[in-house]
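Subject: Structure handover

Hello,

Here is the structure for you to look over.

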Amino acid sequence: MSVLAAARRVRAHGGQFLLLGVLALVVAALVAGVPRAANRLTDDGLREHLAQQPVAQRDLTYATGPAAQQGAAGLTRARQAELDSRLDRLPAPVPDAVAERWYLAEATPGRLTGPDLAARNLLVDFRLRAMSGARDAATLVEGAWPAEEPPAVDEPVQVALAADMATALNLRVGSQVRLAALPTGAGPAPVGLVVVGVFRPHDPAGGIWDTLPPVLRIVQPEGEGLPFNAVGLVGAGALDARAADGWPLRFSWRYRVGTDRIDVRALDDAIGALAVAQRDAPDDIPLTQGLDIPLRDFAAAVDRSRTLLAVVAAGVLATLAGLVLLAVALAVRNRRPEFTLIRARGGTRGTAARRCLAESALVVPPAAALGWLLGSLVPGAPDGTAALVVAVTAVTTLALPLAALAVPTGEGGRRDLVRLSASTRRLTGEVLLVVLAVLGVVLLRRRGLTPGDVDPLLVSVPVLVALAAAVLALRAYPWPLRLLSRLATGTRGAVAFLGAARAGRSAVGTPLVVVVVAVATAAFCAVVAVGIEAGRDRATDRLVPADALVTGYRLAPETADELAALAGVRAVTGLLQDPGRPLARDANGTDARIGDAAVLVVDGPELAEVARRAGRDLTVPEPLLAGGDPAAPAPAVVSPALAAALTGAGLDRSAFVQIQGQRYEFRVAGTVESFPLVAPGAERFVILPRQALPTRTYPAVPTGFLLAGADLDPAEVRRVGDEGQRRFQSSGSLTGLAPPLGVTVATWVDLREQRGAGGANGVLAFGFLAGAAGGTVFGLLAIAFTVLAGARARGQALSRLRTLGMSRRQWQGLLLIELVPLVGVSVLTGALVGALLPVLLAPLLGLSAFTGGGPVPVTFDPGLVAAVLGLGAVALGLAVAVEALNSRRTRPAEALRTDRGEAR
């Protein structure tokens, strides 16, 4: 067949080839574009994930220990030259991922003395430090930078201080102090220092200042009588001179990885390179890094998301494959007289197949190429899917020729008179399909899977389950319909009887199997997405069981009243948290020898009220709600592990825990696996009811507050919390030199948004949205195929019934009765399969990786039920609309003539 003849045939059957070309275009576009979109979203997720981590988490640091140096002249600058050489020796792809680098050299701390310090009675340990890039990252407020050359023998060392540190130390330009070795034994001779400059950083949050101890501020001691820690910048020559005098020096080379410097496709290589670098680092200059932890967490989340997306993609591609088969079957059915005529004129099956191959070759490859080009326009890195596009194009091109080769010739008779009994071959295939689905589920649950791998069994099992359920449903549903049609024989009118009879004898099972797979895919995406959202809500409730949580060191008790007076606040309760305290046998503090336990003190009734007003589903254990006898041990709720340890030590009825310097007696009154405000994963904790604790001279001071309210202003909440913390610090004997670190304000809304943003959540949400939308759209398209598959038989029936006097309204009623069971069974079966798949696969999918470690409940949300009913209504409306359009295109008289022609 020539190309022109094939083109004419394509034009004659334009509708069929248009449908086949559109399907080829869609498949190619999805295969080429979806991986690109997934890669782009994964790259964005990695950047957001790294940006959410503490900036120091991205640092790779080589550091030496303090040691005396030989040949100190020029040593500081010589070691600075190693900043580039060490980076070059790191294994790929780590060097390309480094965005910033810094070098640091400092002497061991000494005790700083001087008249300005004595004026404020300050005890200070001071370090001399030389840093690369410090002068470019700061502006002098007063004076000059220290000289780089070594000072003369009798000259003091020139030092530059940060403005805030100079103020805290009562120093200024020209101040002279003396630095001596710490009083721990013999050391180098003391040295004089002079402040020559005071500076302010351009960006206090810049990475150059992320050092310990910090350069920009003084570090307060954690207890009374201990020294403050401070750092001053000096020139490289000054450090060389100190090394020559015997002061030990330490060096460090720090490299910060950029958030956009790691390619997701090389994530495993980066993790492996970090492990190799840490292993190969010299013993005297170890490599310290924590970047592999967030990278491993992200890689685990990506692996889990790939597992989920593989399941979704399998359902969508199976639906598209079914649609292609339906389009081919519809084309072959309409062209069967043509193929019969070819055989009658002496042609063979191969003749019809070659004609169809020539026609498909003119339509499918160009459409697939266009789809591939459209998919290539999607932003994102390519994922090597060109070979898959070629394979899909080849299979789609060969689908119609193969179908033409296999189509039987001759008359098919009345295809609407289908008996319930099927051929042995078909029954065997259906039984084998059901058995394979059951075995697949059993094997998958027994052996599990490797996250991140595209497991063929995992990909095929959901499709097999959907197909098996569709076969069983479509095999069973005609029985009750036939019974209904028999009951309808005694009623007046023929509409109900004919409609039920036609539905019971329907031969459109194959299209509806595709509907089941499509709807199952959409329902699976919806159920898992709802479960993940619910799991994130619960995980957020564990961290903040209210609308906001204020935490600090210690806050004055009256801060609760000030917080309650803020706009929008409805309820406030205080709490006390301590990450770990040893338990004692008695009030004297005899160690119980059962380890430490996290301590949480809450007012049970207030906590329940705050949670209720915030709309949180929090169940407070009964022991925390009841009051207590001050003379008896307080009722406590503990973790099961701690309860077992206390029982084993005979302390379940009486044990002591120290809270803010005072011991409180408690007894085990209940156990819980977890509780809000307790660190996730904590295995040993004790929760005490504040209202049941005995009154003490110095009552326990809250370390935080929970707030319930609407439209809270975090800035105002933070201001009140800071004031309460400063007020407590300045009261009594707990007076500090400088204000403490500010309180932390965490709102439920912000934490919930953080859990839903960044990481692999973007690509996961994209996959769920694409799967749900694709399943819904393709399912509706398959329903349209269902109507078109029976259009000829339905048109012939309409032509006969209209000649017998049936009105158009009666025909529409008959059509509804015929289509409602088909559409309803397919949609409900698909929805049921999609809802049950997460129950079957949840243990394998690792969904807790998307909720911060919390469980993911598989729930059937009422909204999903409403969506299924709505989808059924839309599908039924679409079926009626397609039938109406087809009836207008094919007039009843033409269908009757066609029917008579086929009968002859």
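Below are the notes, from the overall fold down to single residues.

This is a predicted model, so local features need pLDDT of at least 70 and side-chain atom pairs count only at pLDDT 80 or more, while totals for chains, interfaces and linings use all residues. Residues are numbered from 1 along each chain as its sequence is written, and side-chain values use heavy atoms, with hydrogens and water left out.

Confidence
pLDDT is the predictor's confidence in each residue, from 0 to 100. The protein chain averages 85, and 90% of the residues score at least 70. Residues 733-739 stay under 50. The model still gives that stretch 17 contacts beyond four places in sequence (a contact is heavy atoms within 4.5 Å). Residues 898-904 are also below 50, with six contacts beyond near neighbours in sequence.

Overall
The protein chain has 29 helices and 20 strands. These are DSSP runs, numbered from the N terminus: helices are H or I with at least four residues, strands are E with at least two. Of the 904 residues, 48% are buried. Buried means under 20% relative accessible area, exposed over 50%, and partly exposed in between, with a 1.4 Å probe and protein chains only. Take the contacts with a separation of 6 or more: 83% of them join residues 24 or more positions apart.

Cores
A nonpolar core is a set of buried Ala, Val, Leu, Ile, Met, Phe, Trp, Tyr and Cys residues joined through side-chain atoms within 4.5 Å. The largest has 89 residues. L308, L323, F339, F524, I532 and L847 touch the most other members. Helix α10 (residues 292-334) gives the largest share, 13 residues. Another core, of 87 residues, lies apart from it and includes L171, V198, L291 and L309.

F785 sits in helix α25 (residues 761-789). F785 counts as buried because its relative accessibility is 5%. Beyond four places in sequence, F785 touches L19, L323, L326, A327, L330 and P511. F785 and A327 are 458 residues apart in sequence, yet 7.7 Å apart in space, C-alpha to C-alpha.

Cavities
A cavity is a set of points on a 1 Å grid over the protein atoms alone, where a 1.4 Å probe fits but cannot get out; lining residues have an atom within 4 Å of a point. Points are joined across faces, edges and corners, and a volume is the space filled by probe spheres set on them. There are eight cavities of 30 Å³ or more. α10, α15 (456-476) and α18 (509-543) each supply at least two lining residues. α18 gives the largest share, four.

Helix α8
Eight of the nine residues of α8 (residues 236-244) are buried, so this helix is largely enclosed by the rest of the structure. Among the buried ones are L239, D240 and R242. The buried residues pack against α3 (75-80), β2 (98-107), β4 (124-131), β6 (157-162), β8 (191-201) and β10 (249-257). Just after α8, G246 takes a positive phi of about 105°.

Best wishes

Note on methods:
1 Å grid on protein atoms, 1.4 Å probe; cavity = no way out; pocket = protein on both sides within 12 Å on 5 of 7 lines; lining within 4 Å.
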